[in-house]
Amino acid sequence: MQTLAAVSLAGGQGKTTTCYFLAKMLAKAGKKVLAIDCDPQANLTFFLNHEVASNQPTLLEVIKGTVSTVDGIYPTSEDNLFLIPADSGLAKVSEYLSGSGTGALILQIRLQAIQELFDYVIIDVQPTRSQICLTAVGAADWVLIPAESATKGVNSLLDTQKFLDEQAKVMAFRGQILGIVPFRDRWVGRTQTLESKDNIAAMKEFANHAPVLPTIRESEKFKQATRQGQLLSELGVRDLEYPFEKIIELLEDCKELDSGVQDSKPGIKVAV
Ligand SMILES: Nc1ncnc2c1ncn2[C@@H]1O[C@H](COP(=O)(O)OP(=O)(O)O)[C@@H](O)[C@H]1O
Ligand SMILES: [Mg+2]
């Protein structure tokens with residue numbers, strides 16, 4: 001089981017969108033996938049069309065350990081894709097996590113019980129330095145940092161890198177950054193806007209050895225796909241799926257390298 005979290009310390013950076021498409025595409029490719037909504041805004045739960053009933057456990061109960069992890073997992077309309085949902089009540093978990101002394105490790109511990117059930121765990125992370133964010137990062141083998149192709153995105157990238165560095169120093173993040181994903185890369189016809197170009201160049205400059213992955217193009221099709229519970233390929237715009245295909249390739253490569261060919265995680269190089 002490989003665990004991937006989408007992390008950025010600002011909203012509107014493409015985290016939920018990235019998690020939605022990756023989870024669905026991996027499941028379509030036959031992988032067993034668990035999506036975890038680690039954001040009380042619960043957008044991933046909404047995108048995957050799950051309604052939380054008042055008496056049903058969510059991530060809150062799974063983290064607190066009042067139910068076993070499997071009891072917080074629900075099927076989705078996609079074969080092979082399962083969800084631990086959230087609702088606004090997830091915010092209450094902070095108290096439990098901060099009181100536990102080892103809050104950053106709790107989600108990782110809860111996932112140990114389901115190691116054998118899934119190939120991939122995809123975690124959508126709350127964009128603040130909250131206890132929920134810390135425990136999600138603590139559970140991640142890999143982190144993707146989506147960042148809007150705008151000044152706000154570059155600033156969010158810098159904040160997020162600093163945060164991950166701090167967590168790594170205290171062993172509360174033991175994974176690696178799989179890459180930075182520029183979000184809402186805007187093109188007019190065949191020409192990339194200057195704003196996108198400059199900001200993506202800035203991301204490359206600040207990437208600090210992490211690969212800057214193929215960009216997510218600005219397009220209304222993404223909203224349409226999430227609203228309709230579909231994939232971009234199902235809307236006839238498969239080329240827009242390219243950044244997610246590339247991430248899936250990377251994850252698969254990492255898995256192969258991990259399972260014995262090499263004994264350390266790879267330094268990944270991606271041609272963009
Ligand atoms: N490729 C895209 N181009 C333009 N807007 C997009 C695209 N993908 C998603 N969006 C919209 O951008 C907003 C932010 O995306 P989201 O994934 O929710 O970010 P985050 O989870 O980081 O807050 C959402 O309203 C979403 O519908
Ligand atoms: Mg989100």
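## A loop with two positive phi values

Asn208 sits in the loop between α8 (194-206) and α9. The model is predicted. In it, the phi angle of Asn208 is near 55°, a positive value in a residue other than glycine. Asn208 counts as exposed, because its relative accessibility is 55% and the cut-off for exposed is over 50%.

His209 also lies in the loop between α8 and α9. Its phi is near 75°, again positive in a residue other than glycine. His209 is exposed, with a relative accessible area of 80%.

## The overall fold

The protein contains 10 helices and 9 strands. Its C-alpha trace spans about 55 × 40 × 40 Å along the principal axes. The radius of gyration is 18 Å. A compact globule of 272 residues would have a value near 19 Å, so the two agree.

How much of the protein is buried? Of the 272 residues, 53% count as buried. Contacts reach across the sequence. Among those with a separation of 6 or more, 78% come from residues 24 or more positions apart.

## Surface and charge

The protein exposes about 12,500 Å². Carbon and sulfur atoms supply 48% of that area. There are 27 positive and 33 negative side chains. The centres of the two sets lie 3 Å apart.

Side chains of opposite charge can pair when their charged atoms come close. How many salt bridges does a search of the whole structure find? The search gives 9 salt bridges.

One salt bridge joins Glu78 to Lys28, with the closest N and O atoms 2.8 Å apart. This pair links distant parts of the chain. Glu78 is in the loop between β3 (74-75) and β4 (81-84). Lys28 belongs to helix α1 (residues 15-28), and the two are 50 residues apart. Is Glu78 buried or exposed? Glu78 counts as buried, because its relative accessibility is 11% and buried means under 20%. Lys28 is partly exposed, with a relative accessible area of 45%.

Lys28 also meets Glu234 in a salt bridge, at 3.4 Å from N to O. A network of salt bridges links Lys24, Lys28, Glu78 and Glu234.

## The Arg129 and Glu166 pair

Arg129 and Glu166 form another salt bridge, 2.9 Å from N to O. They are 37 residues apart and link distant parts of the chain. Arg129 is in the loop between β5 (120-125) and α6 (131-138). Glu166 is in helix α7 (residues 151-169).

Both partners are partly exposed. Arg129 has a relative accessibility of 46%. For Glu166 the relative accessible area is 33%.

## A buried charge without a salt bridge

Glu148 is placed in strand β6 (residues 142-148). Glu148 is buried yet has no salt bridge. Which side chain of opposite charge is nearest to Glu148? That is Arg184, 4.8 Å away.

Leaving out residues up to four places away in sequence, Glu148 touches Gly12, Gln13, Gly153, Val154, Phe183, Arg184 and Met203.

Gln2 is found in strand β1 (residues 2-6). With a relative accessible area of 6%, Gln2 is buried. Residues up to four places away aside, its contacts include Asp119, Tyr120, Val121, Asp141 and Trp142. Leu251, Cys254 and Lys255 are also among them.

Phe173 is in the loop between α7 and β7 (176-183). Where does Phe173 stand in accessibility? At 6% relative accessibility, Phe173 counts as buried. Beyond residues up to four places away in sequence, Phe173 touches Val137, Ala140, Val143, Leu164, Gln167 and Ala168. Ala113 is 60 residues from Phe173 in sequence. In space, the two are 20 Å apart, C-alpha to C-alpha.

Technical notes: Residues are numbered from 1 along each chain as its sequence is written. Chains are lettered from A and ligands numbered from 1 in the order in which they are written. This is a predicted model: local features need pLDDT of at least 70, side-chain atom pairs count only at pLDDT 80 or more; totals for chains, interfaces and linings use all residues. Side-chain values use heavy atoms; hydrogens and water are left out. Helices (H or I, at least four residues) and strands (E, at least two) are DSSP runs, numbered from the N terminus. The radius of gyration is taken over C-alpha atoms; the globule rule is 2.2 Å times the number of residues to the power 0.38. Buried means under 20% relative accessible area, exposed over 50%, partly exposed in between (1.4 Å probe, protein chains only). Contact means heavy atoms within 4.5 Å. Accessible areas come from the Shrake-Rupley method with a 1.4 Å probe; for residues, only the protein chains shown count as cover. Lys and Arg count as positive and Asp and Glu as negative; His and the chain ends are not counted. The place of a charge is taken as NZ of Lys, CZ of Arg, CG of Asp or CD of Glu. A salt bridge is a side-chain nitrogen of Lys or Arg within 4 Å of a carboxyl oxygen of Asp or Glu.
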